[in-house]
Amino acid sequence: MEYVTLNNGVKMPKLGYGVYQTPPEETERCVLDAIEVGYRSIDTAQAYGNEEGVGNAIAKSGLPREEFFITTKVWISNAGYEKAKASIEESLKKLQTDYIDLLLIHQPFGDYYGTYRAMEEAYDEGKVRAIGVSNFYPDRYLDIFHFSRIKPAVNQVETHVFQQQKVAKEYMKKNGTQIMSWGPFAEGKNDYFNNPVLKKIGEKYGKSVAQTALRFLLQSDVVLIPKSTHRNRMEENFNIFDFTLTDEEMKEIEALDTGNSLFFSHYDPATVEWFMTLV
């Protein structure tokens with residue numbers, strides 16, 4: 001495994017396993033499979049409803065807690081200091097752990113300043129090893145960066161070959177915040193898995209489109225948490241450390257960037273209204 005060192009000195013695996021949209025009843029099995037494949041970084045969230053499954057799998061793995069890097073996120077309905085503080089304790093219980101490796105604000109809505117204060121406090125108390133944000137566009141990211149006491153270690157945002165977050169990455173790099181990808185396969189949109197550029201480059205190395213896309217992100221200094229409920233896919237996604245793309249191949253894939261989301265925009269009032277129905 002390769003690692004990145006976050007702005008507070010904590011080491012984080014560059015490749016992890018995500019459980020977004022993994023049914024709660026299947027999460028334990030999926031995470032146990034992922035652990036057997038070799039994953040040690042597991043990404044969950046309060047909103048996914050499957051923190052317990054992650055906690056159960058880690059407990060049943062028989063491996064020491066310090067071998068794992070667990071990420072979870074505070075949801076909008078738990079925004080604000082008091083609610084966030086209580087929700088952090090709840091997440092610790094569900095995950096069956098004394099500490100969370102990385103705790104993020106899931107969305108930039110509600111009293112996220114109060115949420116961040118609760119996270120800073122949890123960090124001071126040793127309940128969290130690193131804190132950060134998720135889905136914070138450059139404007140919101142810069143806002144919280146400048147007015148926070150403990151600077152965000154990570155910002156998890158939609159990042160894939162069609163949305164490479166070039167502008168956001170520039171500001172994160174400047175300020176020492178690590179970019180982390182959600183949706184590295186864009187959920188198959190844009191006929192992702194038949195992309196001719198990714199296919200051509202992958203064939204040269206005997207790799208799939210998925211592996212080629214993940215390798216591109218890895219070489220672009222992006223932390224990855226691809227999700228799959230199928231063990232063979234977990235293995236495929238994990239097997240990306242035995243080849244290196246050339247500068248020319250990186251440029252070819254960089255050219256696929258549209259600079260736009262394939263999912264939603266937080267600048268769109270209809271999207272914000274939709275998020276408010278999830279509180």
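User: What makes β6 and β7 count as paired strands?

Analyst: In this predicted model, strand β6 (residues 102-105) and strand β7 (residues 131-134) run parallel and are joined by 3 bridges. Two strands pair if DSSP finds at least two bridges between them, so the 3 bridges joining β6 to β7 meet that rule. Strands here are DSSP runs of E with at least two residues, helices are runs of H or I with at least four, and both are numbered from the N terminus.

User: Why are β3 and β9 called edge strands of the sheet?

Analyst: The open sheet has 7 strands in the order β3-β4-β5-β6-β7-β8-β9, with parallel pairing. Because β3 (17-18) and β9 (178-182) each have a single partner strand, one side of each is left without a neighbour in the sheet.

User: Why are α7 and α8 called roughly perpendicular?

Analyst: Helix α7 (residues 196-205) and helix α8 (residues 209-219) pack at about 95°, with their axes 8 Å apart; axes are lines fitted to C-alpha atoms, for helices over the stretch in contact, and angles between N-to-C directions run from 0 to 180 degrees. Angles under 35 degrees count as roughly parallel, over 145 as roughly antiparallel, 65 to 115 as roughly perpendicular and the rest as oblique, so α7 and α8 are roughly perpendicular. Their contact (heavy atoms within 4.5 Å) involves Leu-198, Lys-199, Ile-201 and Gly-202 of α7 with Val-209, Thr-212 and Ala-213 of α8.

User: What makes one space a cavity and another a pocket?

Analyst: On a 1 Å grid over the protein atoms alone, a cavity is a set of points where a 1.4 Å probe fits but cannot get out, whereas a pocket is an open set with protein on both sides within 12 Å along at least five of seven lines; lining residues have an atom within 4 Å of a point. Grid points are joined across faces, edges and corners, and a volume is the space filled by probe spheres set on the points. By this rule there is 1 cavity of 30 Å³ or more, and the largest cavity has a volume of about 60 Å³. The largest pocket holds about 920 Å³, and of its 37 lining residues, Tyr-20, Gln-21, Gly-183, Glu-187 and Lys-227 are the closest to its centre.

Methods. Residues are numbered from 1 along each chain as its sequence is written. This is a predicted model: local features need pLDDT of at least 70, side-chain atom pairs count only at pLDDT 80 or more; totals for chains, interfaces and linings use all residues. Side-chain values use heavy atoms; hydrogens and water are left out.
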